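Grab a pencil and work through these exercises with the structure open beside you. Try each task yourself before you read its solution.

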Amino acid sequence: FSGVLAQDVLLALLELQEELAGTTAWAAGAGRNVTLQDVCYAPLNPAAPGVGDCAVSSVTQYFQNNRSRLALSAWQQDGKLQGTVDWHDHIIYCVNSPLSFKDITALELSCMAEYGGP
């Protein structure tokens, strides 16, 4: 992978997403500050969404917007093939199986987003 799918770019994207999620704006009509939770689509928790409930489409959702999961690596042996699996392998798996709750690598990470959807 290169370009926008480099690990440092994904980490920068996570940082930007966190910053945007914490942004507030004054809504004169409401007479208060509004946040992402006030305006987001939260299909699994529409009544009282938290930031993690908002349906945000991003490649980092394959890691549930979690830096620790993005940094994981594991040793894997598949028949005669052996080696280290990491975020590259997880992305490839999830692009092909976005509804998976556990990938088939030694990482065993979910492809589901932080909010619970694909």
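A disulfide here is a pair of cysteine sulfur atoms within 2.5 Å. This is a predicted model, where local features need pLDDT of at least 70 and side-chain atom pairs count only at pLDDT 80 or more, while totals for chains, interfaces and linings use all residues. Residues are numbered from 1 along each chain as its sequence is written, and side-chain values use heavy atoms, with hydrogens and water left out.

**Exercise 1.** Work out which bonded cysteines pair up, counting them in sequence order.

*Solution.* Start with the count: the structure holds two disulfides. Next, look at the sulfurs. Cys-40 and Cys-54 have theirs 2.2 Å apart, and Cys-94 and Cys-111 have theirs 2.1 Å apart. Now number the bonded cysteines along the sequence, and you get the pairing 1-2, 3-4.

**Exercise 2.** Find the handedness of the disulfide between Cys-40 and Cys-54, and say what the pair ties together.

*Solution.* First, check the torsion about the S-S bond: it is about -70°, so this disulfide is left-handed. Then place the two ends. Both Cys-40 and Cys-54 sit in the loop between H2 and H3, so the pair ties together parts that are 14 residues apart in sequence. Helices are DSSP runs (H or I, at least four residues), as are strands (E, at least two), numbered from the N terminus. Finally, both cysteines are buried, where buried means under 20% relative accessible area, exposed over 50% and partly exposed in between (1.4 Å probe, protein chains only).

**Exercise 3.** Is Leu-44 buried or exposed, and what does Leu-44 touch?

*Solution.* Locate Leu-44 first: it lies in the loop between helix H2 (36-39) and helix H3 (67-71). Its relative accessible area is 59%, so Leu-44 is exposed. Now for its partners: leaving aside neighbours within four places in sequence, Leu-44 is in contact (heavy atoms within 4.5 Å) with Tyr-115, Gly-116 and Gly-117.

**Exercise 4.** Work out how the buried residues of H4 are arranged around its axis.

*Solution.* List them: Trp-87, His-90, Ile-91, Tyr-93 and Cys-94. As for what covers the buried residues, helix H1 (7-21) and H3 are included.

Key: The arc is that of the directions from the helix axis to the C-beta atoms.
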